[in-house]
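Here's a quick briefing to read alongside the sequence and the coordinates. Have a look at the model, then skim the points below.

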Amino acid sequence: MSSCLYTTAIVVGEAGYLAPASLIGVSMALLLYRGVYAEMGMAVPFNGGVYSAAINTFSKRAAAVLAMFSVLSYVATCVMSARAGCVYLFGIWGESESDWVDLATVGVIVGVAALNYWGLNESVV
């Protein structure tokens, strides 16, 4: 839910003069959930806290749907951050709207996925 706060520049570019209203709206929504976030962070301080809290509250199917949306949020944040970084990097060379930005974004995501896979394999051994 707070993923859009990681990419404020993109939000400003898309929302224009309404960007402050959209960011304030997200901040207000997060403010409403601060007690829940604090409770979950204290109860389950390791990753997967959303699923652990949901499985204790809802059915397994609902908890799985919530976990799926959490993973989707993480992936969307990764894609947006990789894209913003590549646009910035290629913007330095004046190529911010070329196909190379898309290829570099895919490369960054594949590289991060490979590092995660490698790290998981190392931790299993």
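Is C86 buried or exposed? C86 counts as buried, because its relative accessibility is 5% and buried means under 20% relative accessible area, with exposed over 50% and partly exposed in between (1.4 Å probe, protein chains only). Keep in mind that this is a predicted model, where local features need pLDDT of at least 70, side-chain atom pairs count only at pLDDT 80 or more, and totals for chains, interfaces and linings use all residues. Numbering runs from 1 along each chain as its sequence is written, and side-chain values use heavy atoms, leaving out hydrogens and water.

**Cysteines**
- C78 is partly exposed, at 30% relative accessible area.
- Searching the whole structure turns up 0 disulfides (a pair of cysteine sulfur atoms within 2.5 Å).

**Around V87**
- V87 sits in helix 5, residues 60–92 (helices are DSSP runs of H or I, at least four residues, numbered from the N terminus).
- With a relative accessible area of 27%, V87 is partly exposed.
- Leaving aside residues up to four places away in sequence, V87 touches S96 and V101 (contact means heavy atoms within 4.5 Å).
- V87 and A104 are 17 residues apart along the chain, and their C-alpha atoms are separated by 9.2 Å.

**Nonpolar patch**
- L32, Y33, V36 and Y37 make a nonpolar surface patch of about 440 Å² (residues with over 30% relative accessible area and no salt bridge, nonpolar side chains being joined within 5 Å).
- L32 belongs to helix 2, residues 19–32, and is exposed at 72% relative accessible area.

Notes:
Patch = residues over 30% accessible without salt bridge, like charges linked within 9 Å, V, L, I, M, F, W, Y side chains within 5 Å. Areas by Shrake-Rupley, 256 points an atom, 1.4 Å probe, with all protein chains shown as cover. Salt bridge = Lys/Arg side-chain N within 4 Å of Asp/Glu carboxyl O. Helix = DSSP H or I, 4+ residues; strand = E, 2+ residues; numbered from the N terminus.
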